[in-house]
Amino acid sequence: MKFDESFWDERYRQHGSVWSRNPNPTLLAEAAGLHPGSALDVGSGEGADSLWLARQGWRVTAVDISSVALARAADRASQDAEAAARITWAHHDLTSSPPPAGTFDLVSAQFMHLPLAERTELYHRLAASVAPGGTLLIVGHHPADLEAGIHRPSGPGLLFTPEEIAAGLDPDEWEIDVCEARRRSVTEADGGSVTVTDSVLRAHRRAPRP
């Protein structure tokens, strides 16, 4: 199965909401203490993360491969005109149309799972788009979830550890702030709870020396 634009458009069309309307909890935990500036929300989906960032004062570029998701997100955000004015909704496939280099004070990629080669290239481009002094935040499903029997994308290389992502950052350019497998409890559709593990990588790009 190819997770391309057609796949995501159809998935969003089939559901009134694919995701909850709540921002990702790791974004709240890791971005709450950052000074608002310009942010890139990668794979912004139905817009919950972008809207939360905008409400904190960030100027957000919300990028998604699905025009259906972007239209839904913009409609929901329109209920908060002040926050919506801080968001630019952008229809791009970042695997073929990379973001501009050295631009954003925060780049957030929440649960962007791609085959290894595509993921490596995309995350390299995302890191390059962080401005000096800015923050890169990458969160994904940890391979431990498969071992625990939790339903996850199971193709080779789709899941990753935070150490794998950290290894792709030049230590002369980056300071690793958080690199951990973080466990949290989530509620399933049947009302039961299950413990999942997230890969969390937060790093800041060193400012050039004077």
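How do the residues of the lining of the second largest pocket divide into nonpolar, polar and charged? The first legend gives the answer; every view is taken from a predicted model.

**View 1. Lining of the second largest pocket.** This pocket holds about 300 Å³ of space. Its lining consists of 15 residues, which divide into seven nonpolar, three polar and five charged. Nearest the centre of the pocket lie Tyr123, His124, Ala127, Gly168 and Leu169. Two elements, helix 6 (116–128) and helix 8 (162–167), each give two or more residues to the lining. Helix 6 gives the most, with seven residues.

**View 2. The largest nonpolar core.** This core has 23 residues, and Val107, Leu126 and Leu136 are those with the most contacts inside it. Two or more residues come from each of strand 1 (38–42), strand 4 (104–110), helix 6, strand 5 (130–141), helix 8 and strand 7 (193–205). Helix 6 supplies the largest share of the core, four residues. Apart from this core lies another, of 18 residues, including Leu51, Leu53, Trp58 and Ala77.

**View 3. Surroundings of Leu136.** Leu136 is one of the residues with the most contacts inside the largest nonpolar core. With residues up to four places away in sequence not counted, Leu136 touches Val107, Leu126, Ala127, Val130, Leu169, Trp174, Leu201, Arg202 and Ala203. Among these, Val107 and Leu126 are also listed with Leu136 for the most contacts inside the core. Ala127 and Leu169, also touched by Leu136, are among the residues nearest the centre of the second largest pocket.

View 4. At the start of the helix, a side-chain oxygen of Ser66 comes to within 3.3 Å of the backbone nitrogen of Val68.

**View 5. Asp105 in strand 4.** Asp105 has 31% relative accessibility and therefore counts as partly exposed, the range for that class lying between under 20% for buried and over 50% for exposed. Neighbours within four places in sequence aside, Asp105 is in contact with Gly37, Ser38, Trp58, Ala131, Gly134 and Thr135. From Asp105 to Leu40 the C-alpha to C-alpha distance is 8.3 Å, with the two 65 residues apart in sequence.

Technical notes
Residues are numbered from 1 along each chain as its sequence is written. This is a predicted model: local features need pLDDT of at least 70, side-chain atom pairs count only at pLDDT 80 or more; totals for chains, interfaces and linings use all residues. Side-chain values use heavy atoms; hydrogens and water are left out. On a 1 Å grid over the protein atoms alone, a cavity is a set of points where a 1.4 Å probe fits but cannot get out, and a pocket is an open set with protein on both sides within 12 Å along at least five of seven lines; lining residues have an atom within 4 Å of a point. Grid points are joined across faces, edges and corners, and a volume is the space filled by probe spheres set on the points. Ala, Val, Leu, Ile, Met, Phe, Trp, Tyr, Cys and Pro count as nonpolar, Asp, Glu, Lys and Arg as charged, and the others, Gly among them, as polar. A nonpolar core is a set of buried Ala, Val, Leu, Ile, Met, Phe, Trp, Tyr and Cys residues joined through side-chain atoms within 4.5 Å. Buried means under 20% relative accessible area, exposed over 50%, partly exposed in between (1.4 Å probe, protein chains only). Contact means heavy atoms within 4.5 Å. A polar contact is a pair of N or O atoms within 3.5 Å; within protein, one must be able to donate a hydrogen and the other to accept it, and residues adjacent in sequence count only if both atoms are side-chain atoms.
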